[in-house]
Amino acid sequence: MSQLLGFDFGTHNIGVAVGQTITGTASPLAALKAKDGQPDWQRVGAIIQEWQPQSLVVGLPLNMDGTEQPLTDLARKFANRLHGRFGLPVELQDERLTTVAAKEELFARGGFRQLSKDKIDSAAAQLILEDYMSQLRQRSR
């Protein structure tokens, strides 16, 4: 069994989720505040220490046609910093429509009260991680 951490990168908030490859499921964790895309790296280290993931997954924001946008490069830099600081493998995962899906799922569960920015970001991180694990399972068949 392998444990993973997923991140939905943003310049003000970074969603976080933890997942297990054995079940292919993930759960949202508390989102991280960021300043210009920089989180509290000590907090990130504490999360990694607590969950002991084997690898990290960062959502890669792309336009609907697959082209890159300004946030794409910032997400790559964040992924590189994660790898450089913590020495864990970091994978990038296409995150198109995960925020929309996260909002729909949260709204269905509890209406507008569930639509806080940190909940949306971490729910998006959960979906990014679950999509990544689903693709891993498909490749291993």
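Beyond its neighbours within four places in sequence, Phe7 is in contact (heavy atoms within 4.5 Å) with Ile14, Gly15, Val16, Leu56, Val57, Val58, Gly59, Phe78, Leu82, Ala125 and Ile128. The model is predicted: local features need pLDDT of at least 70, side-chain atom pairs count only at pLDDT 80 or more, and totals for chains, interfaces and linings use all residues. Residues are numbered from 1 along each chain as its sequence is written, and side-chain values use heavy atoms, with hydrogens and water left out.

The structure holds four aromatic pairs. Rings of Phe, Tyr and Trp (its six-membered ring) pair if their centres lie within 6.5 Å; planes under 30 degrees apart count as stacked, over 60 as edge-to-face and the rest as tilted. Two of the pairs involve Phe78.

| Pair | Type | Centre to centre | Angle between planes |
|---|---|---|---|
| Phe7 and Phe78 | edge-to-face | 5.7 Å | 75° |
| Phe9 and Phe78 | tilted | 5.3 Å | 35° |

Phe7 lies in strand S1 (residues 3–8) and Phe78 in helix H2 (residues 70–86), so their pair ties together parts that are 71 residues apart in sequence. Helices (H or I, at least four residues) and strands (E, at least two) are DSSP runs, numbered from the N terminus. Phe78 is buried, at 1% relative accessible area, and Phe9 is buried at 6%. Buried means under 20% relative accessible area, exposed over 50%, and partly exposed in between (1.4 Å probe, protein chains only).

Phe7 and Phe78 also belong to the largest nonpolar core, of 19 residues. Such a core is a set of buried Ala, Val, Leu, Ile, Met, Phe, Trp, Tyr and Cys residues joined through side-chain atoms within 4.5 Å.
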